[in-house]
Amino acid sequence: PLTRIHIFALIDELLQICSVHKESGESAKAEEVGDQLGIVFDSDPTNKVVVFTRWIYTLEYLARRWRHFRPLLFHGSMSPQERERVVGSFKQDGRLLLMSVKAAGRGLNLQEASYVYHFDLTWNPMDQRQAEDRCWRQGQRKTVFVYSYVQQGTIEERIHQVLQRKSHLFGAYVDTMAEDTDATVQAKWSIEELKELLRPSHERAPR
């Protein structure tokens with residue numbers, strides 16, 4: 001039987017393709033965000049940027065693709081000492097920090113950054129809010145610009161639309177997810193909702 005675990009595994013594979021196609025190495029998002037980074041750094045060499053993503057594979061891919069920006073990597077598989085060193089380097093003379101969204105949840109102060117890019121979606125919108133809050137800390141003297149990227153016409157856009165709809169229908173929906181794990185967040189999705197995400201566009205129920 002088709003289980004929730006199977007469906008989420010398939011959807012996650014599709015979501016990764018929306019960000020980076022592993023076989024071809026192509027990424028429309030990386031091209032677009034890379035162009036934006038060039039503009040941000042050219043406009044003011046002191047600008048600092050944080051890019052968040054769900055997957056370590058994507059972090060490593062972006063680090064290679066944007067190596068001319070000399071990016072720093074931060075993720076949960078690193079030791080506390082390594083993470084502390086990376087944050088220190090970013091604060092001192094770094095300008096681009098690539099972070100896994102889960103590893104950036106709490107306990108970090110990144111008020112030196114004034115640009116935040118969410119490279120992909122998370123199932124829990126609060127993960128993204130908590131991550132970007134690292135840049136809204138005491139001592140922030142600049143306006144913080146936050147951008148989220150969703151691949152148009154894909155399952156990523158469908159998930160984004162459902163999350164937006166849930167948030168509008170239930171005012172406290174997103175805020176109640178603050179302490180949720182991935183498992184409890186995924187449990188909020190019914191099997192029918194998940195199947196609808198995977199259904200071809202011409203078979204989808206009208207909204």
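1. Nonpolar surface patch. Leu-10, Leu-14, Ile-17 and Leu-198 make up a nonpolar patch on the surface, together exposing about 300 Å² of accessible area. Patch members have over 30% relative accessible area and no salt bridge, with nonpolar side chains (Val, Leu, Ile, Met, Phe, Trp, Tyr) joined within 5 Å and like charges within 9 Å; areas follow the Shrake-Rupley method with a 1.4 Å probe, only the protein chains shown counting as cover for residues. Helix α1 (residues 4-19) supplies the largest share, three residues. Helices (H or I, at least four residues) and strands (E, at least two) are DSSP runs numbered from the N terminus. Leu-10, in helix α1, is partly exposed at 39% relative accessibility; buried denotes under 20%, exposed over 50%, and partly exposed the range in between (1.4 Å probe, protein chains only).

2. Basis of the model. This is a predicted model, in which local features need pLDDT of at least 70 and side-chain atom pairs pLDDT 80 or more, while totals for chains, interfaces and linings use all residues. Residues are numbered from 1 along each chain as its sequence is written, and side-chain values use heavy atoms, leaving out hydrogens and water.

3. Salt bridges. The whole structure contains four salt bridges, each defined as a side-chain nitrogen of Lys or Arg within 4 Å of a carboxyl oxygen of Asp or Glu. One of them pairs Asp-12 with Arg-54, at 3.1 Å between the closest N and O atoms. Asp-12 belongs to helix α1 and Arg-54 to the loop between β1 and α3, so this pair ties together parts 42 residues apart in sequence. Asp-12 is buried at 17%, whereas Arg-54 is partly exposed at 22%.

4. A buried ion pair. Lys-29 and Glu-156 form a salt bridge with closest N and O atoms 2.8 Å apart. The pair links helix α2 to helix α6 (residues 155-169), 127 residues apart. Lys-29 is buried, with a relative accessible area of 4%, and Glu-156 is buried at 1%.

5. Helix α3. Within α3 (residues 56-65), Thr-58, Leu-59, Tyr-61, Leu-62 and Ala-63 are buried. These buried residues pack against α2 (28-43), β1 (49-53), β2 (72-74) and β3, contact meaning heavy atoms within 4.5 Å.

6. Gly-94. This residue occupies the loop between α4 (80-92) and β3 (96-100) and is buried at 12% relative accessible area. Leaving aside residues up to four places away in sequence, Gly-94 touches Lys-48, Leu-72 and Ser-89.

7. Cysteines. The structure holds zero disulfides, a disulfide being a pair of cysteine sulfur atoms within 2.5 Å. Cys-18 is buried at 9% relative accessibility, and Cys-135 is buried at 0%.
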